[in-house]
Amino acid sequence: MTDPSGAKPTVYLHDYRAPAWRVREIELTFDLDPAATEVAARLVVERDPAQASAPLVLDAEELELLEVRIDGRVLSADEYAFDAKQLTIPGPHDPDSRIPALTVETRVRIAPEHNTALQGLYLSGARESGFLLTQCEAEGFRRITPFPDRPDVLARYTVTLRADRARFPLLLANGNADGAGELADGRHWARFVDPHPKPSYLFALVAGRLASIEDEFVTAEGRRVRLVIHAEADAIGRCGWAMQCLKYAMAWDEQRFGRCYDLDVFHIVATHDFTMGAMENKGLNIFNAKYLLADPDSATDDDYRHVLAVVGHEYFHNWSGNRVTCRDWFQLCLKEGLTVYREQEFEADLAARTLRRIEDVKTLWRAQFSEDGGPLAHAVRPEQYSEINNFYTATVYEKGAEVVRMLATLLGRDGFRRGLDLYFERHDGAAATVEDFLAALGDANGRDLTPWLAWYRQAGTPELRAHGHYDAAARSYELTLEQHTAPTPGQPDKQALPLPVALALFDAHGAPLAVPLEGEHAPMHERVLLLERARATFRFIGVDAAPVASLLRGYSAPVRLRHDVDAAALALQVRHDSDGFNRWFAADALARRVFADALAHGAPDAQLCALWTGCLEHALRVDGSDAALLAELLTLADAGSLADGLAEVDPEAVHQARTQVEQALATALAGPLLARYHALAQDDLAATTLAAQAQRRLRNACLALLCRADPAHLELARRQFADASTLTDRLAALAALVRGGGDEADDALAAFATRHAGDALVLDKWFTLQAAVADPATLARIEALSAHAAFRWSNPNNVYALFGAFALRNPRVFHRADGAGYGCVAEAIARLDGLTPQVAARLATAFGGWRRLEPARRALMRAELERLAARAGNSPDLADILARSLAD
């Protein structure tokens, strides 16, 4: 029976069964055309003897079925069933037959130019000039050809592409090239063979007119690998940095994890029409252009770092995801969490470890903690789902990576490497589970890691409470740690989790203390305490004075820390902690105390504020400080993050309190901020080195605060906007001018749009900057920008840049008291659901926190959710998000 809401039936982890039929080999032949592409498939299939009576079921959606053959014989229509979801062949052959395999052939027709869902085979760009490409994860391959479209069916692929040479001169598919030639009527063909078995979600093809750059990498095993990046002609000049990043990633993965590349060629293709960041298709990665293109005039410093990270991430999937894939989609965290961790370590090793860790934690707090605290909460490995597209979440990616990081902390660098080597050795060419991963790590290190399954099974963010007690007479310090996880949907009862708590102690002057735990003999400056139950006390001996405890160093566990410590101890950490992350962590904790005071009493406490700003002034005046870290210290958490943990949120009150705190910071530090800004202006402002990027980051943080402190400083922003030699500086100056408002802001916005006209990625930043302005008039601007010539509703980047930024980064206006912000986004969601359902569903997650709002806004947001849910014809993607958001 069809669910009237549009939702799919629920799939449960405990119902998993191995496939009744496996595909050993598949040959695909494509006659490519944007309007009507024909796909011929030849599958060699084998039945599971334990499921001898099972029919052959092939997933098939949005396909025009032309023909079905079994072992060369054409089947009549009454010999199979074909509906909107599946092709079912009841009894392909006698289950008692000794024939080990049979051949299934199908021919279908599809219409790529009408595929606005951007799943399966679709057209990127205009019909006359665009190119064809695929996106198959998670369930897009069934939109190309009938197939058991699940990750535990791994086959070897041979693919032949045929197309008009003038229209599609470039033909690409996974694997190594295995021939090419000419056909009649100006057509040509190319064949590709992938020797490695892979699941259908990793299939890819590209066909069109694209420019390219090439390089080469020789692996540690001596394989010469041809590296090729393809993009449209006007963008190929910005792909040089991505090529360098690819070579960095290949070398790093060999050195850090012993993983070498395994094909003769590695292709990357850039597109502007993509619902995700990038896709790790075997040997043929497809990238959202925003994570591939970079030069100083069209990409910010953050963009350069994102290209490094995402190129690395997709390359690392070659082993953690491709060579070893996931048994079912419940195990999605197995490839994504592990690969995010590998990506994080890659960027940390090559770029700035402290900055990367701060940014990862801020993302975790903003996206994942809020997800864990709302109706969309789910475990890292969920027990059930309706629409798998909706589980590409911060929980699976970011929290999944944090679980891997905790295991790496527990086992140590060498131990984790041993475990990962064993995991790849055991499961190469196969589909694995979380249990397989933990078993390999444990077996390689002689440890039982079964308790860590709780991290994969249990939703919610643990709260870690810490209380220290110093006994002068006994010269001992006791640290009591206690954990608790609040109920989440479907999980009212929680168990204690294994929590590694990295720790160091400092004396009253900030000097590190080396003291032993009771029962130990060797004193240590740093250690990791493992909290394995709800409460435990750890006793340090030989402590001459009350210490300051630096907890969760490097953020060793994804928890909310409630540390019973005074503000002076936090200030000492900001000044003296040897862990850069924990310096920021302490400063952030101080800032949150200042904010809480302002929210509760209408103004920040002067003494507490002076303590906080004094720490930052000290850092600002010390020339040797890490510039990128200092920029983070000077940047106040956004309103959404500051509101996290409040029982009931009034977005306007949060905005006003945050504004007061930021104003107090800017006013207190105006002098040293101005001095540092001018000092940094003497440096090379166009360099792309890490040092130059860090200095720009700090200079622009100073500029933002200076313009907040005194509108007269907007003159600095005017000059920087006019003279900027990089997009980073130009965009930072524009942001300061826009926050200042008035005609000057409008003039600067117009000048920026004129300079970058035709560059879609830069104009997306222009959309985002305006959408995030915390002014009630922004709502009218959003509606006007959605009609701008550079905005396309069918382009996910445009939609996320405008409506995503508004809903997720502008809480003051999105949560307007009259509900108009909710109505604006709800209308966009309804429109998008008919075009690109995945985009509509992701935008709808902005409504997930409605229960935490004050009553009036809560009612308004719920009404919009109910209105959307009542619409006829909602996609399964959107229906699932709405149903879970409204569930009791």
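Strand S4 contributes three residues to the lining of the second largest pocket, the most of any element. Strands here are DSSP runs of E, at least two residues, and helices are runs of H or I, at least four, numbered from the N terminus. This is a predicted model, where local features need pLDDT of at least 70 and side-chain atom pairs pLDDT 80 or more, while totals for chains, interfaces and linings use all residues. Residues are numbered from 1 along each chain, and side-chain values use heavy atoms, without hydrogens or water.

Back to the pocket. S4 spans 56–59, and strand S1 (11–12) also supplies at least two lining residues. A pocket is an open set of points on a 1 Å grid over the protein atoms alone, where a 1.4 Å probe fits, with protein on both sides within 12 Å along at least five of seven lines; lining residues have an atom within 4 Å of a point. There are 37 of them, with Val-11, Asp-59, Gln-86, Arg-142 and Arg-150 nearest the centre.

Buried means under 20%, exposed over 50%, and partly exposed in between, with a 1.4 Å probe and protein chains only.

Last, Ala-846. Ala-846 sits in the loop between helix H24 (837–844) and helix H25 (855–869), and is buried at 13% relative accessibility.
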